[in-house]
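Me: I would like to learn how to read a structure feature by feature. Please give the general idea each time, then the case at hand.

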Amino acid sequence: MGFFGKIKELFSKKKKVDRQVKAKNEKNIHIEQKKFDEGLKKSSNSLKNSINELAKKYRKVDQKMIDEIEEILLMYDIGFHSTKKILNAIVEEIKIQNINDGELIKQIIIDKLFVYYIQDTDIDIELKLKEKTTNVILVSGVNGVGKTTSIAKLAHFLKKQKMSVCLIAADTFRAGAVKQLEIWAERLRIKIFKPLKEGQDPASVVYEGVKSAKENNIDVVLCDTSGRLQNKTNLMNELKKMNNIIKKFDGSQPIESLLVLDATSGQNGILQAKAFNEITKLTGIILTKMDSSSKGGIILSIKDAFNLPIKFIGLGEQIEDLEPFDLEMFINGLVKEIDFVK
């Protein structure tokens, strides 16, 4: 075979590989979208029922309809401040387009909901991990939000990305948290650093864990922290001490500080998140139990309260059901059940 014949053969093989990679990527995207669709079904049905009833009930756009749109937004857990801004945008669009048809308002509601989320928002959901170093991620959140399970799911996700992972059980106040994390470490076959005694200073556990992880060139350390907000002073001191310990090893660490937030807790969860944001500098949110919530508007409340990116979203109970947050897939999942006017 001549030189040009070999080039042609190589090019042909490359095209075949490119097609295979594209097909694989499309398949993965389809699988991920299906997860979002299934995990957001409750929220999607809730939104569909509300705005479909709105369209049937009103044959023209009037003040009663506007008031009901406001009620729908508030009931969808969007929050008062966001609701006012979105409602104003909806009313302005109605005036600009001179719409007087309740059916046509559905598209405008959806458009304004997610334009509001996208604008002026840091939607970079990537974990800011560095190569050739040990990355420390602090994970916080009140008891009952699914913090320990989320840490396990995140560890599983990182392992799938071919990273080495270890856990640090620094929630030494609650013995159950240590045991639960230990069980997950065994299942995932990863190392865990835990207190030698109940009530041990969490900073000392973090010190030993990070020291060992660096010595063994571990890629990512996931550090569980206490969630007892009833004593914010103690929690603040603990987190400050942990941060100082970690920075002694590497001044750029911890690389991420993630808050686990329960999607079903509504505005109460937002208040909890505000308290944590006062205590530690958060870099992102892990939103859990989204599959159990009928109020997908929580993502807008989070934006309004913190302007922090949602980095991961919990769409089910299985270990694989923690997904990197994808705004397009989220929107597709929420509006999947809604019939729009062609």
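Reply: Start with burial. Buried means under 20% relative accessible area, exposed over 50%, and partly exposed in between, with a 1.4 Å probe and protein chains only. Of the 342 residues of the protein chain, 51% count as buried. This is a predicted model: local features need pLDDT of at least 70, side-chain atom pairs count only at pLDDT 80 or more, and totals for chains, interfaces and linings use all residues. Residues are numbered from 1 along each chain as its sequence is written, and side-chain values use heavy atoms, with hydrogens and water left out.

Me: What does the protein chain average in pLDDT?

Reply: pLDDT is the predictor's confidence in each residue, from 0 to 100. The protein chain averages 82, and 88% of the residues score at least 70. Over residues 1-8 the value is below 50, and this stretch has two contacts beyond near neighbours in sequence. Contact means heavy atoms within 4.5 Å. Residues 13-24 also stay under 50. For them the model has zero contacts beyond four places in sequence.

Me: How many helices and strands does the protein chain have?

Reply: Both are DSSP runs, numbered from the N terminus: helices are H or I with at least four residues, strands are E with at least two. Here there are 12 helices and eight strands. Now look at sequence separation. Take the contacts in the protein chain with a separation of 6 or more: residues 24 or more positions apart account for 78% of them.

Me: Which residues touch the most other members of the largest nonpolar core?

Reply: A nonpolar core is a set of buried Ala, Val, Leu, Ile, Met, Phe, Trp, Tyr and Cys residues joined through side-chain atoms within 4.5 Å. The largest one here has 106 residues, and Ile69, Leu154, Leu222, Ile299 and Phe330 touch the most other members. Helix H5 (residues 105-118) gives the most to this core, with eight residues.

Me: What does Phe330 touch?

Reply: Leave out residues up to four places away in sequence. Phe330 then touches Phe36, Leu40, Phe114, Met290, Gly296, Ile299, Ile313 and Phe325. Phe330 is buried, at 0% relative accessibility.

Me: How many aromatic pairs are there?

Reply: Rings of Phe, Tyr and Trp (its six-membered ring) pair if their centres lie within 6.5 Å; planes under 30 degrees apart count as stacked, over 60 as edge-to-face and the rest as tilted. The count is three. One of them joins Tyr207 and Phe249: the centres are 5.4 Å apart and the planes at 35 degrees, so the pair is tilted. This pair links distant parts of the chain, 42 residues apart: Tyr207 is in helix H8 (residues 202-215) and Phe249 in helix H9 (residues 232-249). Tyr207 is partly exposed at 34%, and Phe249 is partly exposed at 27%. Phe325 and Phe330 form a tilted pair too, 5.3 Å centre to centre with 55 degrees between the planes. Phe325 is buried, at 4% relative accessibility.

Me: Where does the charged end of Arg187 sit?

Reply: A charge sits over a ring if NZ of Lys or CZ of Arg is within 6 Å of the ring centre and within 35 degrees of the ring normal. The charged end of Arg187 sits over the ring of Trp184, 4.8 Å from its centre.

Me: What about the backbone? Which peptide bond is cis?

Reply: Check omega. The bond from Gln253 to Pro254 is cis, with omega near 0 degrees. Pro254 lies in the loop between H9 and strand S5 (256-262).

Me: What is phi of Asp77, and what is phi of Lys162?

Reply: Phi of Asp77 is near 70 degrees. Asp77 lies in the loop between helix H3 (63-75) and H4, and is buried at 8% relative accessibility. Phi of Lys162 is near 65 degrees. Lys162 is in the loop between helix H6 (147-160) and strand S2 (165-169), and is exposed at 74%.
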